[in-house]
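Visitor: Could we go through this structure together? I would like to begin with the backbone.

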Amino acid sequence: SLRAGIVGLPNVGKSTLFNAVVENGKAQAANFPFCTIEPNVGIVAVPDPRLRVLSELSKSQRSVPASVQFVDIAGIVKGASQGEGLGNKFLSHIREVDSILQVVRCFEDNDIIHVNGKIDPKSDIDVINLELIFSDLDQIEKRLEKLKKGKAKDSQSKVKEEAERSALEKIQKILMDGKPAKSVPLTDFEKDSIRHLCLLTMKPIIYVANVAESDLSEPSSNPHVREVVKLASDVQSGLVTISAQVESELTELPMEERTEYLKSLGVSESGLENLIRATYNILGLRTYFTSGEKESKAWTILAGMTAPQAAGIIHTDFEKGFIRAETVRNISIS
Ligand code: GDP
């Protein structure tokens, strides 16, 4: 399933958020057939009320939601790309994720030290971005060095290597300007040629503004949040406001009390649900369902896929021998 990596400076609320994810996953595991959870990976179901409705209509024995894996990537500090802190080993974990969730501290608390001495979202975001950029630059330099030796055996691989070299040189230039690789316009062929490098700054980013519970109902009243909103929109990144503390408290409440608690804070949905939805959106993912007596199941596809292509996600034979899809409009969800 989809992997989202949680990054951020120390003391911004990453572990608090990650632990809430894990607890949530454990609570769901009783109802859903989830696999085991690695120490730094938490799995949560994608909330989707349509699945329950379909499941009831088909009298399914079980329902299987789509899931997102959250990976806790600790250890990014200033200088990580140069081996500071836990360094490069952790940056390499980010290569394996589909999107990056950067937790940004927007809550004030004098008892909890901020690594730079004060709450400053812009500086926090710059520090992390710079580490990602340095790490990519390093990787690109090594790769270009290798390409220079030109080991391509036939003309087809020569063309491919040439595309890769030219793409990497363009990206290198942009990175030197402090901008992410994803801001470089590339042809599909060029994109394919560099995919194997899993560049960190090619990945979509969602900023997770971690606020105090008193800010949840009206996050924009917090100037730090307003700053993150602006920064996120400047670089076409996603943004979710969350209170890691509240998420962690929610996991300790029985399900039926959670809604009540959220209501008392002036919100209708847990931040985790928003986060999952934002992750889906920024990656351009959509869901479709299969439904029958045995099970109702959510499948994840890319926006824009045709129905036969979507069927191919289940089995390639279904794409070749496609029969039909049913569309349902306005299922009333209560
Ligand atoms: P990490 O270093 O980024 O993993 O940060 P932690 O999750 O360990 O959080 C650092 C400290 O900040 C802990 O003492 C948390 O309880 C606290 N903390 C996390 N989120 C919030 C929040 O939303 N409000 C307040 N006041 N404290 C928080």
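Guide: This is a predicted model. Cys198 is located in the loop between α6 (188-194) and β6 (205-210).

Visitor: What is the phi of Cys198?

Guide: Cys198 has a positive phi, near 50 degrees, and is a residue other than glycine. Most residues other than glycine have a negative phi.

Visitor: Is Cys198 buried, exposed or partly exposed, and why?

Guide: Cys198 counts as partly exposed because it has 15 C-beta neighbours inside 10 Å.

Visitor: And where is Lys59?

Guide: Lys59 sits in the loop between α2 (49-58) and β3 (62-64). Its phi is positive as well, at about 50 degrees, although Lys59 is not a glycine. Lys59 is exposed, with 10 other C-beta atoms within 10 Å.

Visitor: Turning to the helices, at what angle do α4 and α7 pack?

Guide: Helix α4 (residues 121-148) and helix α7 (residues 223-234) pack at an angle of about 40 degrees, and their axes are 9 Å apart. The two helices are therefore oblique to each other.

Visitor: Which residues meet there?

Guide: From α4, Pro121, Lys122 and Ile125 meet His224, Glu227, Val228 and Leu231 of α7. By class, this contact comprises four nonpolar, one polar and two charged residues.

Visitor: Which feature does UniProt place at residues 130-157?

Guide: The unreviewed UniProt entry gives a "coiled-coil region" there. In the model, residues 130-157 are 79% helix and 0% strand, with the end C-alpha atoms 33 Å apart.

Visitor: Finally, where does Val159 lie?

Guide: Val159 belongs to helix α5 (residues 155-176). Val159 is partly exposed, with 13 other C-beta atoms within 10 Å.

Key. Residues are numbered from 1 along each chain as its sequence is written. This is a predicted model: local features need pLDDT of at least 70, side-chain atom pairs count only at pLDDT 80 or more; totals for chains, interfaces and linings use all residues. Helices (H or I, at least four residues) and strands (E, at least two) are DSSP runs, numbered from the N terminus. A residue is buried if 20 or more other C-beta atoms lie within 10 Å of its own, exposed if 12 or fewer, and partly exposed in between; C-beta atoms are placed from the backbone. UniProt positions are given in the numbering used here, feature names are shortened, and annotations may be inferred rather than shown by experiment. Axes are lines fitted to C-alpha atoms, for helices over the stretch in contact, and angles run from 0 to 180 degrees between N-to-C directions. Angles under 35 degrees count as roughly parallel, over 145 as roughly antiparallel, 65 to 115 as roughly perpendicular and the rest as oblique. Two residues are in contact if their C-beta atoms, placed from the backbone, lie within 7 Å. Ala, Val, Leu, Ile, Met, Phe, Trp, Tyr, Cys and Pro count as nonpolar, Asp, Glu, Lys and Arg as charged, and the others, Gly among them, as polar.
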